[in-house]
Amino acid sequence: MLPARTGTLSPIAVIGFIAALLALLMVGGAGPAYRLTLVDLDIAFAVLKWGAWTGLGVLFIALAGAWITRPGTRRRGFALTLAGVVLGAVAFGVPFAMLQNAKRLPPIHDITTDTENPPRFVAIVPLRIGSRNPVEYQGRNVSQQQRTAYPDIGPVTLAEPPDAAFKRALNAARDAGWQIVAAVPDERRIEATDTTMWFGFKDDVVVRVTPTDGKSRIDVRSVSRLGEGDLGKNAARIRAYLQRLQQ
């Protein structure tokens, strides 16, 4: 049986862990703070950015602390420094991954399965008053960028008559957790709002069911209310919805 380790707790281990925890709280709390209207969006993004930089700095401090407190030395706190390394890496890694994703994807926030004749919003239009992004489709510039970045986004055809397909589409929207704003069977149009988990951003969705050769074509459009780019969220939402629809 090994003897109990003696020595003093390293201040670097303690400081590194506390600072890493603070960095993670800054990063993780930026979204809920904005969602609860405690801060505006610019401040929330500033907190997110500084939390990430703090996480990176703390990561190096924690690594130094891990060397100082490594097994075989008289300084205690090795486990604490390892926790600081993990927390710091997460605090920096999540925003860094978001930034890299933003650089990789085009700065668009309006995605649709039909770029030639995108589904139109009707009931949601009044809800978007004051939103930074327009409800009108911006045309060829957006469609070209979408086709390059998301070539897989397109309509699906269901082997069902339009009325049955409309009911299936409505149930799929509800199962996705969207807030249904309008469901118009006569026009076979569904409008809904989806709220993101972290920042609580509201994105609007319209689903259109069109008869085609005894079957039904489903088109979807998803548009963010805020932000020039969407980090691929609207495309991911459409993919998930169409997959759910075909199950």
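**Entry 1: a word to start with**

I count a residue as buried under 20% relative accessible area, as exposed over 50%, and as partly exposed in between. I keep in mind that this is a predicted model.

**Entry 2: Glu 187 and Arg 189**

I looked up Glu 187 first, and its relative accessibility is 48%, so I wrote it down as partly exposed. Its side chain meets that of Arg 189 in a salt bridge, with 2.6 Å from N to O. How accessible is Arg 189, buried or exposed? I found 10% relative accessibility, so Arg 189 goes down as buried.

**Entry 3: counting salt bridges**

How many salt bridges does the structure hold? I noted 14. I picked out two more to follow through the chain.

**Entry 4: Arg 217 and Asp 114**

The side chains of Arg 217 and Asp 114 form a salt bridge, at 3.3 Å from N to O. I checked where the partners sit: Arg 217 is in strand S6 (residues 215-224), while Asp 114 lies in the loop between strand S1 (110-112) and helix H4 (140-149). They are 103 residues apart, so this pair links distant parts of the chain. Arg 217 has a relative accessible area of 28% and is therefore partly exposed. Asp 114, at 11%, is buried.

**Entry 5: Arg 239 and Asp 152**

Here the closest N and O atoms of the salt bridge are 2.6 Å apart. Arg 239 belongs to helix H6 (residues 233-245), and Asp 152 to the loop between H4 and strand S2 (156-158). I found Arg 239 partly exposed, with a relative accessible area of 29%. Asp 152 is partly exposed as well, at 47%.

**Entry 6: two helices side by side**

I turned to helix H2 (residues 41-68) and helix H3 (residues 78-104). Their axes come within 7 Å and cross at roughly 150°. How do the two helices run, roughly parallel or roughly antiparallel? Angles over 145 degrees count as roughly antiparallel, so H2 is roughly antiparallel to H3. I noted the crossing as left-handed.

Then I listed who meets whom. On the H2 side I found, among others, Leu 48, Gly 51, Leu 59 and Ala 66. From H3 the contact includes Phe 78, Gly 84, Phe 92 and Pro 95. Sorted by class, the contact of H2 with H3 has 14 nonpolar residues, six polar ones and no charged ones.

Conventions. Residues numbered from 1 in each chain as written. Predicted model: local features only at pLDDT ≥ 70, side-chain atom pairs only at ≥ 80, totals over all residues. Heavy atoms only, no water. Salt bridge = Lys/Arg side-chain N within 4 Å of Asp/Glu carboxyl O. Helix = DSSP H or I, 4+ residues; strand = E, 2+ residues; numbered from the N terminus. Buried < 20%, exposed > 50% of the residue type's maximum accessible area, 1.4 Å probe, protein only. Axes fitted to C-alpha atoms, helices over the stretch in contact; angles between N-to-C directions. Parallel < 35°, antiparallel > 145°, perpendicular 65-115°, else oblique. Left-handed = near helix turned anticlockwise from the far one by under 90°. Contact = heavy atoms within 4.5 Å. Nonpolar A, V, L, I, M, F, W, Y, C, P; charged D, E, K, R; others polar.
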